[in-house]
Amino acid sequence: MSPDVPRILFADQLGPHFVEDQRVIIPEVLGPFRRRRYHRQKAHLILSALRHRAAEMGSTAELRRGETYHEVLSGVDASIVNPTSWGLRALVQDLEAGAAVEVLPSRGFVASEEEFGKWAGTQSTRLLMENFYRHQRRETGILMAPGMNGEPEPEGGRFNFDHDNREAPPKGQETLGVAAPWYPTEDEIDQEVREYLDALEDSGDVSFLGADGPRLFPATRAEALDALEHFVTTRLATFGPHEDAAMQGDWAMSHSLLSPALNLGLLDPREVLERVEASYHQGAVDLASAEGFIRQVMGWRDWVWHLYWHLGADFVDSNYLGHREELPTWWSELDSTDIRSRCVGHVLDEVRTRGWTHHINRLMVLGSFALQRGFNPRALNDWFVDAFVDGTPWVMPANVIGMSQYADGGVVATKPYTSGGAYLNTMTNYCGSCAFKPTVRVGEKACPMSAGYWNFLHTQADALRGNHRMSKPLGGLTRLSDLEHVLEQESSRSEY
Ligand SMILES: Cc1cc2nc3c(=O)[nH]c(=O)nc-3n(C[C@H](O)[C@H](O)[C@H](O)COP(=O)(O)OP(=O)(O)OC[C@H]3O[C@@H](n4cnc5c(N)ncnc54)[C@H](O)[C@@H]3O)c2cc1C
């Protein structure tokens with residue numbers, strides 16, 4: 001296709017690796033904001049990033065505003081990097097029917113879809129993230145060293161340092177004590193976006209979730225590179241040990257906060273991996289932290305992306321456990337006012353104030369609570385997409401439907417990720433200031449996570465019995481002297 005043909009850039013294709021030397025069309029459409037209830041800070045981040053990209057490209061960019069993608073893109077001869085959702089790929093097919101549209105292979109991930117397909121075809125047993133990750137390490141050569149027989153071997157002799165990365169929060173501290181995360185400085189484009197979103201809300205046309213607040217995540221390539229550099233030089237060294245811990249006084253812990261920038265396409269995951277690897281080779285960070293982080297990006301992120309396509313468009317509607325509870329209003333509205341359970345209330349409030357909370361809070365607090373309470377998995381999936389600044393359709397099915405809700409019956413995860421309060425009491429500092437006690441299952445102080453855990457196991461025992469990883473927890477049920485009381489209490493519980 002001639003270089004005069006413009007490239008259409010969607011809102012998650014905003015970095016330099018999505019465009020060659022050519023004109024671009026950047027659609028900014030209002031329809032999705034009307035159809036869904038996005039977190040206000042998510043809407044802000046997306047619009048800010050789109051408008052910054054258009055401003056930075058000057059006369060080579062055309063920002064096209066309208067109600068729908070069809071309205072602003074139909075009939076346009078253009079090239080498109082294959083977009084990231086089933087919905088947008090259907091749109092591209094429609095566009096192809098009415099114009100000369102060249103669709104290029106997707107970008108923004110380490111392995112191409114073709115490479116993943118080839119790898120999946122070589123697997124004789126179930127697809128496992130760990131095997132895919134090792135394959136990726138071999139393919140990219142990242143954290144690989146020359147071995148004795150000339151074959152590359154994993155740096156340090158092992159592919160996985162997970163075992164070194166499971167420390168509880170340090171005692172007697174309110175925070176991890178690491179450097180504060182990188183923060184952007186808002187500019188006039190942010191001001192314009194804020195006024196625009198205020199006007200939309202005032203008109204009653206659109207309603208957002210959560211609180212507005214200063215933008216916390218990169219909206220431009222330059223900001224994303226600054227944020228990456230800041231993370232690598234100040235926080236990566238402590239990433240590993242406390243990766244699985246959570247502290248009330250420390251919303252960011254040692255996490256990178258790079259998921260929004262990666263998912264907007266402002267950073268290419270390969271450059272992130274190379275920067276982290278370089279930091280390890282320079283001796284600035286140890287192997288456990290570098291490997292732990294590299295596994296998140298090259299392993300998990302790529303894994304959930306490829307599973308999104310591999311498992312098909314219907315996967316998101318899986319409901320193996322038959323969970324049908326509607327999300328309670330306090331949950332969907334991010335209103336923790338009446339929630340006395342410290343972990344749930346605190347984490348929900350983090351989502352309200354920032355549209356972001358870290359992995360353990362997503363998985364072992366929000367996801368675990370939702371699973372125990374039988375929330376409808378599809379509704380939960382969509383809520384996560386809307387309520388999180390880094391939420392995208394491709395990232396949720398494997399994480400929410402698979403890993404956190406076990407709604408696929410064990411395709412993505414080998415067992416349900418849920419626990420009683422004892423686990424949270426070890427890996428977080430939430431329980432100390434909670435109205436409930438993790439060791440108490442019945443009565444006024446009964447921890448919703450502990451009682452909810454046993455209630456869940458009992459209710460779903462038949463569905464879980466065939467899973468050998470569940471035999472120990474299910475065996476625990478028979479030893480609970482107060483099980484009847486727990487079940488009776490949880491069957492009518494409405495306060496948490
Ligand atoms: C229920 C649930 C919901 C989630 N929702 C999202 C989401 O909306 N968007 C999102 O990008 N990630 C999501 N994740 C994965 C993970 O929690 C976030 O990527 C991470 O918390 C983002 O913060 P960070 O950038 O500081 O991550 P770090 O802890 O610094 O990790 C580095 C990077 O690794 C990648 N990563 C790590 N784990 C995963 C994973 N399981 N799936 C995909 N990428 C991963 C991310 O790009 C992340 O930026 C979800 C996980 C669960 C269990």
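These are legends for several close-up views of a predicted model.

View 1. According to the domain assignment, the protein chain has domain 1 (7-104), domain 2 (113-184 + 219-308) and domain 3 (314-491). Domain 2 is written as two stretches, 113-184 and 219-308.

**View 2. The open sheet.** Here five strands line up in the order β3-β2-β1-β4-β5, with parallel pairing. At the edges sit β3 and β5 (101-104), and each of them pairs on one side only. As a reminder, strands of a sheet pair through backbone hydrogen bonds, either parallel or antiparallel.

**View 3. Strand β1 and its two partners.** Zoom in on β1 (residues 7-8), which is joined to β2 (residues 24-29) by two bridges, the two strands running parallel. β1 also pairs with β4 (residues 78-81), again in the parallel sense and over two bridges. Which residue in β2 is the bridge partner of R7? It's V24. In β4, R7 has S79 as its bridge partner.

**View 4. Strands β2 and β3.** Six bridges hold β2 and β3 (residues 61-66) together in a parallel pairing. One to pick out is the bridge between V29 and G66, the latter sitting in β3.

**View 5. Around the ligand.** A shell of 26 residues surrounds the ligand, and the closest are H255, S256, S259, Q296 and H359.

View 6. Four helices, α9 (259-263), α11 (287-310), α14 (359-372) and α16 (396-404), each bring at least two residues to the shell around the ligand. Which helix gives the most? That's α11, with five residues.

**View 7. Inside the largest nonpolar core.** This core counts 126 residues, and L258, A261, V276 and I294 touch the most other members. Helix α11 again stands out, giving the most to this core with 10 residues. Follow A261 for a closer look: leaving aside residues up to four places away in sequence, A261 touches F217, P218, A224, A227, L266 and L267.

**View 8. Helix α16, tucked away.** Is α16 mostly covered or mostly open? Mostly covered: nine of its nine residues are buried. The run of buried residues goes M396, P397, A398, N399, V400, I401, G402, M403 and S404. Those buried residues pack against α11, α14 and α15 (377-387). Recall that α16 is also one of the helices giving at least two residues to the ligand shell. Just past the end of α16, look for Y406, which takes a positive phi of about 50°.

How values were computed
Residues are numbered from 1 along each chain as its sequence is written. This is a predicted model: local features need pLDDT of at least 70, side-chain atom pairs count only at pLDDT 80 or more; totals for chains, interfaces and linings use all residues. A residue is near a molecule or strand if its C-beta atom, placed from the backbone, lies within 6 Å of it. Two strands pair if DSSP finds at least two bridges between them. A nonpolar core is a set of buried Ala, Val, Leu, Ile, Met, Phe, Trp, Tyr and Cys residues joined through C-beta atoms within 7 Å. A residue is buried if 20 or more other C-beta atoms lie within 10 Å of its own, exposed if 12 or fewer, and partly exposed in between; C-beta atoms are placed from the backbone. Two residues are in contact if their C-beta atoms, placed from the backbone, lie within 7 Å. Domain bounds come from an automatic or database domain assignment.
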